[in-house]
Amino acid sequence: MNSARPAILFLLVVLVSCSTVRNTSVSTSGTDAYSAYIAKYSDMAVDQMKSYGIPASITLAQGLLESDAGRSSLATKCNNHFGIKCHSDWTGRKMYHDDDARQECFRCYKDAAESYRDHSLFLVNGSRYRSLFKLASTDYKGWARGLKAAGYATSPTYADKLIELIERYGLDRYDSRSGVHLKPGQLPHQPVLVNGQRCVRLREGETLKDIAREYGMQLLMLRRFNEVDRKFAPPAGSLVYLEKKKSRADREHRTYVVKKDDSLWSVSQQFGVRMKPLAKRNGLSDENPLTVGMTLILR
């Protein structure tokens with residue numbers, strides 16, 4: 001009996017070990033990092049598509065690839081989900097990290113939402129990505145190949161990796177939830193930042209109703225953002241704000257000399273400043289209207 005005891009103990013150890021391995025395997029498969037990332041950030045990607053017209057599938061695939069499903073040091077330490085480097089115009093927090101070269105400068109964000117928004121702006125405002133916005137919002141293959149051709153990443157298989165992720169996880173299903181509504185043959189607008197606020201340029205023949213429809217916004221809210229009533233139709237070329245304007249201009253625009261055909265509204269739109277604080281700052285009223293040659297204080 002004593003000689004059999006070691007063999008029995010050995011069998012018990014093997015059985016316990018096998019049971020432990022099986023349980024660990026089940027637990028791991030249920031917490032797939034990629035699936036968890038998609039569940040966490042899919043709504044954020046859809047929101048970005050509503051605002052900027054970039055396919056949600058592309059945004060999610062880039063986030064997965066660039067951040068290793070949120071596990072990279074850039075993502076965990078800097079909330080940088082898209083590997084965007086500092087470049088000359090970045091004034092925020094930075095992190096130095098080895099990439100194509102040693103100790104390259106990367107942008108840091110306060111949270112993932114800021115990273116997602118900056119990724120959209122990076123593509124929207126980058127001239128080399130302009131042709132991508134002529135593609136259909138459902139053409140994720142065209143977007144993936146276009147990003148590679150424009151130089152977003154140096155890997156020769158970058159487009160293939162994005163397409164593989166989209167198809168493996170069915171990310172293109174989120175593109176149909178975008179909420180972007182365009183007329184047949186109409187290209188999406190390319191939002192720009194004025195005084196830190198998103199806006200688009202009104203095209204010939206367009207109305208605020210067209211902009212509201214494209215971005216899935218209430219027309220009433222769009223009118224409020226742009227301080228117009230239902231009787232006023234902004235002329236072609238006007239900036240249309242998708243967010244509420246600020247009470248003062250940015251630091252680069254402290255004053256402005258009024259020109260012919262300027263109005264309080266047109267100056268307000270030009271610099272992204274609400275009319276009421278602009279008028280109050282300059283003592284404007286019915287008795288003291290805007291005049292050509294007047295120097296307005298913008299901040």
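Predicted model: local features only at pLDDT ≥ 70, side-chain atom pairs only at ≥ 80, totals over all residues.
Local features were taken only at pLDDT of at least 70 and side-chain atom pairs only at pLDDT 80 or more, while totals for chains, interfaces and linings use all residues. Residues are numbered from 1 along each chain as its sequence is written, and side-chain values use heavy atoms, without hydrogens and water.

Helices (H or I, at least four residues) and strands (E, at least two) are DSSP runs, numbered from the N terminus. An open sheet is formed by 3 strands in the order 3-4-5, with antiparallel pairing. Two strands pair if DSSP finds at least two bridges between them. Strand 3 (192-194) and strand 5 (239-241) are the edge strands, each pairing on one side only. From one strand to the next, the twist averages 50°. Strand 3 and strand 4 (residues 197-201) are joined over 3 bridges. Here Val 192 stands opposite Cys 199 in strand 4.

The largest pocket has a volume of about 890 Å³. A pocket is an open set of points on a 1 Å grid over the protein atoms alone, where a 1.4 Å probe fits, with protein on both sides within 12 Å along at least five of seven lines; lining residues have an atom within 4 Å of a point. The volume is the space filled by probe spheres set on the points, which are joined across faces, edges and corners. The lining holds 24 residues; Asp 89, Trp 90, Asp 118, Leu 121 and Leu 193 lie nearest the centre. Helix 5 (112-124) and strand 3 each supply at least two lining residues. The largest share, 5 residues, comes from helix 5.

The structure holds 9 salt bridges, each a side-chain nitrogen of Lys or Arg within 4 Å of a carboxyl oxygen of Asp or Glu. One of them joins Asp 118 and Arg 107 (2.8 Å, N to O). Asp 118 lies in helix 5 and Arg 107 in strand 2 (residues 104-107), so the pair ties together parts 11 residues apart in sequence.

Notes: Axes fitted to C-alpha atoms, helices over the stretch in contact; angles between N-to-C directions.
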